[in-house]
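I opened the notebook to write down what I looked up, one entry at a time. The structure comes before the entries.

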Amino acid sequence: MREKFVEELEQLKSDVVKMAKLSKEMLNESTDALKKSDIVIAEKVIQQRKDIRDFDYKIEDDALRLIALYQPVARDLRFIIATLKMNTYLTRIGIYSKDISKDIKEISLNKEFPRLNSVCVMADIVLEMLDDAIKAFETEDLKIIDTLWKRDDDVDHLFHTILRECISYMVENPKTISYYTHYMLIARYLERCGDHICKISEKIHYMVTGERISIK
């Protein structure tokens with residue numbers, strides 16, 4: 001019985017890692033689409049929404065089934081609870097990547113107004129944060145996510161800088177309002193992704209140590 005339970009826990013962990021890497025892929029491709037103004041890449045990310053949803057349903061069903069069948073305790077229970085929470089946050093990151101791609105399609109249609117490179121810088125930081133969170137979950141090495149909150153502060157700072165920059169353009173030329181609104185939305189989605197990654201890291205810490213921390 002125990003051997004079968006451990007095997008299924010490993011499968012659950014493997015599925016969460018696959019889902020995390022899909023979320024990262026979607027975020028990375030939406031960023032790539034932004035940098036290149038590539039509608040084809042953006043459309044691919046939008047279509048991946050179904051894949052992230054399917055992972056969401058599978059992981060939730062499998063985790064709940066393990067609780068019902070084996071009634072886990074201590075570290076095993078913490079692991080399953082952590083995966084359920086991470087599942088929610090990873091799904092949100094996937095959805096935000098899809099939303100970013102929708103705004104990119106609108107931005108790409110306009111060649112008249114300046115692009116905001118700071119949004120791409122922001123996206124790169126968020127991607128590094130997500131990559132480290134995935135590694136920490138796989139290896140259970142908490143040192144990897146030690147500086148995560150500091151990088152999230154950088155993301156927050158960039159978010160407010162981008163908002164000010166967009167508003168400045170809008171005031172200077174009202175014709176840019178619709179265009180820079182899309183940038184403001186993208187920056188907001190990236191900021192929320194950063195917050196979700198911090199929450200993922202909190203759950204990893206709880207999974208490994210049994211202690212609850214608050215990064216945000």
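**Entry 1: A74.** In which helix is the place of A74? I looked it up and found A74 in helix α4, which covers residues 74-108. I noted first that the model is a predicted one. Next I read the backbone angle: phi of A74 is near 50 degrees, which is a positive value in a residue other than glycine. Then I checked the surface. A74 has a relative accessible area of 55%, and exposed means over 50%, so A74 counts as exposed.

**Entry 2: E140.** I looked up a second residue with a positive phi that is not glycine, and E140 has a phi near 60 degrees. Where is E140 found? I placed E140 in the loop between α5 (117-139) and α6 (148-172). Is E140 buried, partly exposed or exposed? Its relative accessible area is 27%. Buried means under 20% and exposed means over 50%, so I wrote E140 down as partly exposed.

**Entry 3: α1 and α2.** I turned to a pair of helices. Two packed helices are described by the angle between their axes and the distance between the axes, so I looked up both. Helix α1 spans residues 2-36 and helix α2 spans residues 39-47. Their axes come within 8 Å and cross at roughly 155 degrees. Angles over 145 degrees count as roughly antiparallel, and α1 and α2 are therefore roughly antiparallel to each other. I also noted that the crossing of α1 and α2 is left-handed.

Which residues meet in this pair? From α1 I listed E25, M26, E29, S30, D32 and A33. From α2 I listed I41, A42, K44 and V45. Sorted by type, the residues of this contact are five nonpolar, one polar and four charged.

**Entry 4: the whole chain.** How many helices and strands are there in the chain? I found seven helices and zero strands. From the N terminus on, the elements run α-α-α-α-α-α-α.

I then looked at the overall dimensions. The C-alpha trace spans about 65 × 35 × 20 Å along its principal axes. The chain has 216 residues, for which a compact globule would have a radius of gyration near 17 Å; the chain has 19 Å, and I noted that this agrees.

Of the 216 residues, 50% count as buried. Among the contacts with a separation of 6 or more, 81% are between residues 24 or more positions apart.

Methods
Residues numbered from 1 in each chain as written. Predicted model: local features only at pLDDT ≥ 70, side-chain atom pairs only at ≥ 80, totals over all residues. Heavy atoms only, no water. Helix = DSSP H or I, 4+ residues; strand = E, 2+ residues; numbered from the N terminus. Buried < 20%, exposed > 50% of the residue type's maximum accessible area, 1.4 Å probe, protein only. Axes fitted to C-alpha atoms, helices over the stretch in contact; angles between N-to-C directions. Parallel < 35°, antiparallel > 145°, perpendicular 65-115°, else oblique. Left-handed = near helix turned anticlockwise from the far one by under 90°. Contact = heavy atoms within 4.5 Å. Nonpolar A, V, L, I, M, F, W, Y, C, P; charged D, E, K, R; others polar. Rg over C-alpha atoms; globule rule 2.2 N^0.38 Å.
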